[in-house]
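Visitor: Please show me the model, and let us then discuss how its parts are held together.

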Amino acid sequence: QTASSAIKGAIQLGIGYTVGNLTSKPDRDVLMQDFYVVESVFLPSEGSNLTPAHHYPDFRFKTYAPLAFRYFRELFGIKPDDYLYSICSEPLIELSNPGASGSLFFVTSGDEFIIKTVQHKEAEFLQKLLPGYYMNLNQNPRTLLPKFYGLYCVQSGGINIRIVVMNNVLPRALKMHFTYDLKGSTYKRRASRKEREKSNPTFKDLDFLQDMHEGLYFDSETHSALMKTLQRDCRV
């Protein structure tokens, strides 16, 4: 496996290059073909006339739909300088509890962004979703879908490491009373005994039904807004 420090370094160098390069491209409306663009740059360890020298193995960095994701970041109020500073100024922090899928998770030092490795099929699926995601963001600004800020791929030594940058909804400083990972299914959806023994366990759907059997209470206005948002999100 590629060393974790090399992955983190390559992510920071690649995003630093691609976001910096975007500043020279004028703002314009997002076109359908923008969702399918893939830009690629080679970053040799000795550097080049386009890229800085670094102490990691040579790698290629791919950026998916760069103009579309620039639009998404602007829509979410993320300025390019803030995005770069948050991701590139301090070492990324690897979370010690990988997901069941085997994905690696990194957070930025300020806890604003989370970076997750994804499989090829997941990255492909997200790219196919982008036109619908774009439409939903414009028509449904209160969306509860994850906020996607970028989709990238690090290629090194014959290995492809695809990553997605998202908003971090669970910053480490936030004290959670209960955490439930709900997927809308009851099949094998109960926290394991090992998980329950943790100081801050993550429960699942069957646990929620058992613990919160009376459900959650909202005032009618909040309930109505929430249901409308969920219905719109499900159409993406």
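Visitor: How many bridges join strand β4 to β5, and in which sense do the two run?

Guide: This is a predicted model in which local features need pLDDT of at least 70 and side-chain atom pairs count only at pLDDT 80 or more, while totals for chains, interfaces and linings use all residues. Residues are numbered from 1 along each chain as its sequence is written, and side-chain values use heavy atoms, with hydrogens and water left out. Strands are DSSP runs of E with at least two residues, helices runs of H or I with at least four, numbered from the N terminus, and two strands pair if DSSP finds at least two bridges between them. For β4 (residues 105-107) and β5, the sense is antiparallel and the number of bridges is 3.

Visitor: Which residue in the turn of that hairpin has a positive phi?

Guide: The hairpin of β4 and β5 leaves 5 residues between the strands. With a phi of about 70°, the residue in the turn is Asp111.

Visitor: Which residue in β7 stands opposite Ile115?

Guide: Strand β7 (residues 159-167) pairs with β5 in the antiparallel sense over 6 bridges. Opposite Ile115 stands Val165.

Visitor: How many residues of strand β5 are buried?

Guide: Buried means under 20% relative accessible area, exposed over 50%, and partly exposed in between, with a 1.4 Å probe and protein chains only. In a regular strand the side chains alternate between the two faces of the sheet. On one side of β5, Phe113, Ile115 and Thr117 are buried, and on the other Ile114, Lys116 and Val118 are buried too. The strand is therefore largely enclosed by the rest of the structure, the count of buried residues being 6 of the 6.

Visitor: How far apart are the closest N and O atoms of Lys25 and Glu39?

Guide: A salt bridge requires a side-chain nitrogen of Lys or Arg within 4 Å of a carboxyl oxygen of Asp or Glu. Lys25 lies in the loop between α1 (4-22) and β1 (38-43) and Glu39 in strand β1, so the pair ties together parts that are 14 residues apart in sequence. Lys25 is partly exposed at 27% relative accessibility, and Glu39 is partly exposed at 25%. The closest N and O atoms of this salt bridge are separated by 2.4 Å.

Visitor: Is Asp207, which forms a salt bridge with Arg190, buried or exposed?

Guide: The closest N and O atoms of this pair are 3.8 Å apart. Arg190 counts as partly exposed at 40% relative accessibility. With a relative accessible area of 1%, Asp207 is buried.
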